[in-house]
Amino acid sequence: DDQLAGSLLGQALGDALGFVVEAQPPDVARAYVDEWLRAGRAGQRSHPQFPFGQYTDDTQFARELLLSFEERAGWDPAAFAGRLARLFRDGLDVSAGWGTRSAALRLSAGAHWSRSGTAPPYAGNGSAMRAGQLGLLFPDERSTRRVAGEQSRITHQDPRCAAGAVAVGRAVALAAVRQPVETATFLEDVAASADQEDPSVGAAIRALARWASLEPAAAARQVHESGLDPAHSSWQGISAFVTPSVCWSLYAFLRSPDDYWETICTAIAVGGDTDTMAAIAGAISGARLGLDALPQALLARLTDRGSWGAEALARLARSCASIANGDDRPRG
């Protein structure tokens, strides 16, 4: 399916582009966007420790989720949990947060997947960043919400994390319809889904309608001055706290719903958790625009330490789409 492949590859490329300046302050991120991405020099600058095209745990986890879906011909939380545990056990994760890492250690020690997640008040975006493709595998809103929430609790027990994951999955499902995007309607639908898991996340998404039309610098000030991102002082840009990072990803998409590159640039230029915000925004945009709308030369450089490049990711996405669209509907 072109949309599922577009979503996964759109996520992977956004992740790789944002990884170059992950955790950098806004001035560094803006300079990277202006002097490299917008200047036609994307791919000429890489992360200090990896070649360009390396993606992070954002895409690794999404890939493992899809691999578990393919393996079991449907959603099986135990299968996904097992894959996460093995990824960490084998030391293959890239730039993972401590919340997910801690959960993986508990899984490896024998914890059941329903009790392995890191407890509140930890509320990172690790489960939201891998949830986008669920909006296409389970396009019914109730199914998206149930599966996105369940996969979230494997690593993150805070309901805000589940709400963020539901919001991302629902945003992908709505974007994939390919009708003109009306900001207020789009956000209300996404917020209503998130409400079921945590009303505070739904409220933050609804509030986004009031600042979605602002230019990025003014929008960032709104996020910080409103207190939406309590970790801003240490991150400077948008932090890895689930609520502001999901909101900024939605903002980046809504500013340019039919322009993948502009969406990615907006997601990154704010600074902070740039790989995750570009990954989420890229998953939404890629689902809407499809694989052919993505920059093919840059896709060809995607890698996870020499494996799982664009062709392999696209094959996985198409296999999962075939399962989801087949006569035997996926369970879950």
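**Close-up views of a predicted model**

**View 1. Glutamate 197 in the loop between helices H9 and H10.** Glutamate 197 counts as buried because its relative accessibility is 19%, where buried means under 20% relative accessible area, exposed over 50% and partly exposed in between (1.4 Å probe, protein chains only). The loop that holds glutamate 197 lies between H9 (183-195) and H10; helices (H or I, at least four residues) are DSSP runs numbered from the N terminus. Beyond its neighbours within four places in sequence, glutamate 197 is in contact with Arg145, Gly149, Arg153, Pro159, Ala162, Ala163 and Val166 (contact: heavy atoms within 4.5 Å).

This is a predicted model, in which local features need pLDDT of at least 70 and side-chain atom pairs count only at pLDDT 80 or more, while totals for chains, interfaces and linings use all residues. Residues are numbered from 1 along each chain as its sequence is written, and side-chain values use heavy atoms, with hydrogens and water left out.

**View 2. Packing of H10 on H13.** H10 (residues 199-211) and H13 (residues 242-255) pack at an angle of about 40°, their axes 10 Å apart (axes are lines fitted to C-alpha atoms over the stretch in contact; angles run from 0 to 180 degrees between N-to-C directions). Val201, Ala204, Ile205, Leu208 and Trp211 of H10 meet Thr243, Cys247, Trp248, Leu250 and Tyr251 of H13.

**View 3. Helix H15 and the glycine after it.** H15 (residues 274-289) has 16 residues, of which 15 are buried. Glycine 290 follows H15 and has a positive phi, near 90°.

Key
Helices (H or I, at least four residues) and strands (E, at least two) are DSSP runs, numbered from the N terminus. The expected span of a helix is 1.5 Å times one less than its number of residues.
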